[in-house]
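I opened this notebook to record what I looked up, one topic at a time, for someone who has not seen the structure before.

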Amino acid sequence: MFWAAPPAIPQSAVGTEYIIEPEDVLNVSVYGQPDLSSKVRVTFQGEINFPLLGNVKVTGLTISQLEKRLADLLEKDYLVNPQVTVFIDEYHPKQVFVLGSVAKPGAYNLSKEKQTTVLEAISMAGGFAKEADQDATKIIRIEGDKKITIKIRVSDITKRGDKEKDLPLKPNDMIVVPESFF
C-alpha cells in the first residue's frame, strides 16, 4: 500500500499559525448546520461570501481568529453558541513573473519545498533567448510601499561559480531580462 505525502505547508505557516491570504480555499463548517457549511475561495479583496452573513473580511486572520469571528457574527443574530470549524483546503499560489528575453515569459509558481532562485525561475521560463543581455538581468521587488531593483550579473554565477549571487526569490518578484543591443 502506498501513502501519499502530506501537502507542503507554506513558509508563512511554519512556526506560527497560518495567516489567511487572498486565493486560499477554505472549508467552513458549522456543527449541526449543514446548510451553513461551505467551501469558499478568498477573493482578491480578502473576503469570503458566507451564508447569512454575506461578505466577511478574512485576510490577515489566523484560522482560530476566523473561527471566532464567524461564530460571533452567527451568534449575534442567528444561532445560539455556534461551533465553527475552518480548514485550509488549498493554499494560495505563490508566483514570480519572468519577463523579457526568455523563451516563455510568464508567471511561474514558486516551489513549496524549497526557495526558488533567479536562475531556476529563468529555467522554468525556458531559459534565456539568444538575444538576451544576461548580465543586465534584474529583479524588481515590492517591499511595503518601496520598489527595489536588484541587478544580477548572470555570468558571475554561471562562469565564475558565485552561487551566492543566484538570489532566492520572493512571491510576486518580477525578473526582467532585457535584450542585448550588440
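The entries below go through strands, an aromatic pair, a loop residue and a pocket.

Entry one, the strands. I kept in mind that this is a predicted model. I looked up strand E1 (residues 25–30) and found that E1 pairs with E2 in the antiparallel sense over four bridges, with Asn27 standing opposite Lys39 in E2.

I found one aromatic pair. Tyr18 and Tyr91 form this edge-to-face pair, with 4.9 Å centre to centre and 80° between the planes. The pair links distant parts of the chain, since Tyr18 lies in the segment before E1 and Tyr91 in the loop between strand E5 (84–90) and strand E6 (95–100), 73 residues apart. I read Tyr18 as buried because its relative accessibility is 6%, whereas Tyr91, at 24%, counts as partly exposed.

I located Thr117 in the loop between strand E7 (106–109) and helix H2 (118–124). Thr117 counts as buried because its relative accessibility is 11%, and, leaving aside neighbours within four places in sequence, Thr117 is in contact with Asp166, Leu167, Pro168 and Leu169.

I looked up the second largest pocket, which holds about 180 Å³ of space. Its lining residues, including Phe44, His92 and Lys94, divide into five nonpolar, three polar and three charged.

Note on methods
Residues are numbered from 1 along each chain as its sequence is written. This is a predicted model: local features need pLDDT of at least 70, side-chain atom pairs count only at pLDDT 80 or more; totals for chains, interfaces and linings use all residues. Side-chain values use heavy atoms; hydrogens and water are left out. On a 1 Å grid over the protein atoms alone, a cavity is a set of points where a 1.4 Å probe fits but cannot get out, and a pocket is an open set with protein on both sides within 12 Å along at least five of seven lines; lining residues have an atom within 4 Å of a point. Grid points are joined across faces, edges and corners, and a volume is the space filled by probe spheres set on the points. Ala, Val, Leu, Ile, Met, Phe, Trp, Tyr, Cys and Pro count as nonpolar, Asp, Glu, Lys and Arg as charged, and the others, Gly among them, as polar. Helices (H or I, at least four residues) and strands (E, at least two) are DSSP runs, numbered from the N terminus. Buried means under 20% relative accessible area, exposed over 50%, partly exposed in between (1.4 Å probe, protein chains only). Contact means heavy atoms within 4.5 Å. Two strands pair if DSSP finds at least two bridges between them. Rings of Phe, Tyr and Trp (its six-membered ring) pair if their centres lie within 6.5 Å; planes under 30 degrees apart count as stacked, over 60 as edge-to-face and the rest as tilted.
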